[in-house]
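This briefing is meant to be read alongside the sequence and the coordinates shown below. It moves from an annotated site to the fold as a whole.

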Amino acid sequence: MILFISDLHLAPQAPAVTRSFLDFLAGRARSAEQLFILGDLFEAWPGDDCLDDPGDSFAADIAAALHALSSSGVELSLMHGNRDFLLGESFLARSGARLLSDPHVLSLPTWQFVLTHGDALCTDDREYQAFRALVRQADWQTAFLAKPLPERKQMVLALRQQSESAKRGKATFLMDVNPAATDDFLRAYGYATLIHGHTHRPARHDHMVDGIHVERWVMADWNERDGAGECLCWDGETLTRERLA
């Protein structure tokens, strides 16, 4: 059994989601052979040195819970999201996860999937795509990580506030995938079933690309109001959506 999750946005300010996630790692996830986390595990990530912040154990506690899962025999794979793209080697070592490229082709004996966080397909939002390209540059990341951790935390907080403010003024279509870009993506990856998050619009979409039917599954974000989340489950034959209370 393979499980997929995305967009948990873990943070100390989201205790209900955090509790649900820890329960998931100690319970439902233990029945899986593999767990794929497709981005935005954290609301923000200022750098791996936050794992050793003496005044804040949140990141270290999450890494330890993930390591307990991977040590139990569950293969753990992680993809960068638009909020935690600075997750690095120290976090991977502490959690027992392997980092996936985005996109990632998952070839199984009975099916083929292509996995992505999803933000790269939101091509209509040119302002965001320019920002995304900037912060993925090695020079930008080196300069940012050279700043003291408290300063980075403040910068990340300010960026999140700017982003939330900007979203309120954006047209709805800008925050969803572009249909033509998505069809091109499906074509480029051999019409494999696409799984992604990012848009917070859970659904199963049917695409006809070059006369070929292709499914696109969008995962939900986890909800702080009631701590509810969801996972997709592949049992070797069928992909299903499970609500996690």
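Which residues does the UniProt annotation "binding site" cover? In this predicted model, the unreviewed UniProt entry assigns that annotation to Asn82, Arg83, Asp125, Ser163, Lys167, Lys170 and His198.

**Annotated residues**
- Asp125 lies in the loop that runs between strand S6 (112-116) and helix H4 (126-135), and because its relative accessibility is 7%, under the 20% cut-off, it counts as buried.
- Setting aside residues up to four places away in sequence, Asp125 touches Lys170 and Leu174.
- Lys170 is placed in the loop between helix H6 (149-168) and helix H7 (179-188), and with a relative accessible area of 22% it is partly exposed.
- Apart from neighbours within four places in sequence, Lys170 is in contact with Asp125, Tyr128 and Met175.

**Overall fold**
- The protein contains seven helices and eleven strands, and its radius of gyration of 18 Å is close to the 18 Å that the globule rule gives for 245 residues, so it is as compact as a globular protein of that length.
- The C-alpha trace spans about 55 × 40 × 35 Å along its principal axes, and buried residues account for 48% of the 245 residues.
- Of the contacts between residues at least 6 apart in sequence, 65% join residues at least 24 apart.

**Surface and charge**
- The accessible surface amounts to about 11,400 Å², and carbon and sulfur atoms contribute 53% of it.
- The protein carries 23 positive and 35 negative charges, whose mean positions are 3 Å apart.

Methods
Residues numbered from 1 in each chain as written. Predicted model: local features only at pLDDT ≥ 70, side-chain atom pairs only at ≥ 80, totals over all residues. Heavy atoms only, no water. Helix = DSSP H or I, 4+ residues; strand = E, 2+ residues; numbered from the N terminus. Rg over C-alpha atoms; globule rule 2.2 N^0.38 Å. Buried < 20%, exposed > 50% of the residue type's maximum accessible area, 1.4 Å probe, protein only. Contact = heavy atoms within 4.5 Å. Areas by Shrake-Rupley, 256 points an atom, 1.4 Å probe, with all protein chains shown as cover. Lys, Arg positive; Asp, Glu negative; His and termini not counted. Charge placed at Lys NZ, Arg CZ, Asp CG, Glu CD. UniProt positions renumbered as here; feature names shortened; annotations may be inferred.
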